[in-house]
Amino acid sequence: MLAGGLASPARAIDVPSGQVIDLQEVLVEELGGETWLRFRFIAPQIAKGPEAIAYDLAAPDMEHLCAVVALPYMTEHALEGQVIVVSLADRPVEFGAADPEATQYFEAFRAQDDACIWEGL
């Protein structure tokens, strides 16, 4: 089960790579007996092309977004979850829909002692 509509209006978020990132939405999903919180961001600069921000440069951004957006958001909205998924997409893509033209990156974390621990799923 997914619950949408939790995200605040889009706003630019500073990340280590310097790319422009906006929060698209936050989804809550029960999966395998765990609560997964999906923080979906739009990052146009990861689009294919010579100037694209590659995964190796975007990975620290996802860890940063977990720490500075997801953890405070969870506290503010009294959300608990075992898995935090941070995703970047170069354009809005409906959750679960295939878009072969879109570039998307994903990372999973667990919140532990007010930090994001990489899951490597």
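1. Start with strand 5 (83-89): with 3 residues, strand 5 gives the most to the lining of the largest cavity. Helices (H or I, at least four residues) and strands (E, at least two) are DSSP runs here, numbered from the N terminus. A cavity is a set of points on a 1 Å grid over the protein atoms alone where a 1.4 Å probe fits but cannot get out, and lining residues have an atom within 4 Å of a point.

2. Before going on, a word on the model. It is a predicted one, where local features need pLDDT of at least 70 and side-chain atom pairs count only at pLDDT 80 or more, while totals for chains, interfaces and linings use all residues. Residues are numbered from 1 along each chain as its sequence is written, and side-chain values use heavy atoms, with hydrogens and water left out.

3. Back to the cavity. The whole-structure search turns up 1 cavity of 30 Å³ or more, and the largest holds about 30 Å³ of space; a volume is the space filled by probe spheres set on the points, which are joined across faces, edges and corners. Its lining is made of Gln-24, Arg-40, Phe-41, Ser-87, Leu-88, Ala-89, Gln-104 and Phe-106. Strand 4, strand 5 and strand 6 are the elements giving two or more residues to that lining. By class, you get 4 nonpolar, 3 polar and 1 charged residues (Ala, Val, Leu, Ile, Met, Phe, Trp, Tyr, Cys and Pro are nonpolar, Asp, Glu, Lys and Arg charged, the others, Gly among them, polar).

4. Next, the largest nonpolar core, which has 28 residues; Phe-39, Phe-41, Leu-65, Ile-84, Val-86 and Leu-88 touch the most other members. Such a core is a set of buried Ala, Val, Leu, Ile, Met, Phe, Trp, Tyr and Cys residues joined through side-chain atoms within 4.5 Å, where buried means under 20% relative accessible area, exposed over 50% and partly exposed in between (1.4 Å probe, protein chains only). Two or more residues each come from strand 3 (21-31), strand 4 (34-42), helix 1 (55-76), strand 5 (83-89) and strand 6 (104-112). Helix 1 supplies the largest share, 9 residues.

5. Now the strand pairing, which takes at least two DSSP bridges between two strands. Strand 3 and strand 4 are antiparallel, with 9 bridges, and Leu-23 faces Phe-41 of strand 4. Their hairpin has 2 residues between the strands, and Gly-32 takes a positive phi near 60° there. Strand 2 (residues 12-13) also runs antiparallel to strand 3, joined by 2 bridges; one pairs Ala-12 with Asp-22.

6. Most residues other than glycine have a negative phi. Asp-113, though not a glycine, has a positive phi of about 50°, and Asp-114, in that loop too, has one near 60°. Both count as exposed, Asp-113 at 72% relative accessibility and Asp-114 at 78%.

Notes
On a 1 Å grid over the protein atoms alone, a cavity is a set of points where a 1.4 Å probe fits but cannot get out, and a pocket is an open set with protein on both sides within 12 Å along at least five of seven lines; lining residues have an atom within 4 Å of a point.
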